[in-house]
Amino acid sequence: MWIAWLGCGAVAATVVAAVVSPWWWCAAVPLLALAALGVADLLQTRHSVLRNYPVLGHLRFALEGIRPELQQYFIERNVDGRPFDRDTRSIVYERAKGTDAEEPFGTELDLYGSGREFLVPSMAPVAVPEHPPRVLVGGPDCTRPYGMSLLNVSAMSFGSLSANAVLALNTGAALGGFAHDTGEGGLSEYHLRPGGDLVWEIGTGYFGCRTEDGDFDPGLFAEKAAHPHVKCVSLKLSQGAKPGIGGVLPGSKVDAEIARVRGVPQGRTVVSPPYHRVFSTPRELVRFIGRMRGLAGGKPTGFKLCVGSRRQFLAVCKAMLEEGVTPDFIVVDGAEGGTGAAPLEFADHVGLPLTEGLMTVHNALVGSGLRERIRIGASGKVATGSDLVKRLIQGADYTNAARAMMFAVGCIQAQRCHTNTCPVGVATQDPRRARALHVGDKSQRVRRYQEATVKSALQIMAAMGVREPSQLRPHMLQRRLDPQTIRSYADIHSWLAPGQLLQDAPEAWARDWDAADPDRFTV
């Protein structure tokens, strides 16, 4: 009914504008536009809300469009935002800017809530080391080991990130002396130009080292792996955001530059399969890792995965033992997700979170007698010094961060990474948006953030009475199980002794160990 009144008002204003004064067009034009919109809403069949509430129904869609911003800036508290709360983002921003990341008046967290974790301070703290320790990555078959920092840039591809974002991250890595994982999107000039240390990652699409039909090209791989900035090479089995599925890069996004970096035809949609062509069994995987290391001239070689089946990983351990070949490192990615866009069902329900995945890999390697040969990296919502220390206690040797590094270069958690409309130029290929990211300024922010976070981790370890990461133990991390009960990780979880699976596997592991087959990925 009110649309009819609106139409009558529009007609009346038009008549008055034509007869009395042209100033009435200021009212007539908006009223005519609203009346036309109302008629269109009544006639359309797609949205029930607009048929019942023409014109006014558009207010719902407008509010829905800005809901994330309203939620983030006006509604959520400092400690309950997702994926990263405001306090965590603020710590990263402040450290990146070189300001103090300190808060007055005590914690805002509920320390009596179930699941809350605590690091155990010592009554005899020690001095903080003057220089951060490095983790030597390189097993007995590696001829060119690499000293890895405790915190590095995790896998993010050029194409997903803008050229300026990649340049800032790698320049920051070069300034700070830590590693930068390229992601599976290929080895671009933006990774190579600044001179930062690189972990070159290849996935199921073999971008940058693929044949015309999408298979692995050993010649191209060897040529690029020989670059002096490439310090390690990594095979991606799966990622936390979407374990078990591949990806699709629409042809509209495959411009000349991305086509050249990835080694694909320009303008043609590129499909990354969910599986690898180079192996189909645990034994073949292990052999291919050895082949990669040989092609890379003895540089540290490993793989990354989001853990699912413990039995399957134990099958890989058996294959390592039988073949006598081990990776130099394994990066465990948590199902907490990451910078890659993923179907909601995968992000929410597929794969183990980092805590369980990390302890599974650590214990499996210890129990099979392989842990001393292999370094473990942890990747999944590592943003603060306490995050870093917790992951070291749970079994990691070093950590990688993706989203925290994005915060350091200016990300505001707008969560538009997959739309090409990133408001700060981080996750976009739009040149106008990307130019907002100043490489010189943001690279210094990356350096400062990484340096301050590692320093924070060392301060925490010193407060725990620990001089180096190898002294951390599971009893130093405690968890509240309920309002009355706190237990340490040493008591909550089972920790295998070196070689225990080879001698007398404990009951909790025996069934999976016995069923693990180095020639089949059985669940």
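## A serine pair and other local features

The side chains of Ser-154 and Ser-379 are joined by a polar contact of 3.0 Å. A polar contact is a pair of N or O atoms within 3.5 Å; within protein, one must be able to donate a hydrogen and the other to accept it, and residues adjacent in sequence count only if both atoms are side-chain atoms. This is a predicted model, where local features need pLDDT of at least 70 and side-chain atom pairs count only at pLDDT 80 or more, while totals for chains, interfaces and linings use all residues. Residues are numbered from 1 along each chain as its sequence is written, and side-chain values use heavy atoms, with hydrogens and water left out.

Ser-154 sits in the loop between β4 (151-153) and α7 (163-176). Helices (H or I, at least four residues) and strands (E, at least two) are DSSP runs, numbered from the N terminus. Ser-154 has a relative accessible area of 5% and is buried. Buried means under 20% relative accessible area, exposed over 50%, partly exposed in between (1.4 Å probe, protein chains only). Beyond its neighbours within four places in sequence, Ser-154 is in contact (heavy atoms within 4.5 Å) with Asp-181, Ser-379, Asn-400, Ala-401 and Ala-402.

Most residues other than glycine have a negative phi. Tyr-206 is not a glycine, yet its phi is positive, about 50 degrees. Lys-381, also a residue other than glycine, has a positive phi near 60 degrees.

Helix α14 covers residues 354-367. Its 14 residues should span 20 Å at 1.5 Å a residue, and its end C-alpha atoms are 19 Å apart, which agrees. The expected span is 1.5 Å times one less than the number of residues. In α14, 13 of the 14 residues are buried, so the helix is largely enclosed by the rest of the structure. Just after α14, Gly-369 takes a positive phi of about 75 degrees.

The surface has a nonpolar patch. Val-39, Leu-42 and Leu-43 form this patch, with about 280 Å² of accessible area together. Leu-43 belongs to helix α2 (residues 25-43). Leu-43 counts as exposed, at 66% relative accessibility.

Notes: Patch = residues over 30% accessible without salt bridge, like charges linked within 9 Å, V, L, I, M, F, W, Y side chains within 5 Å. Areas by Shrake-Rupley, 256 points an atom, 1.4 Å probe, with all protein chains shown as cover. Salt bridge = Lys/Arg side-chain N within 4 Å of Asp/Glu carboxyl O.
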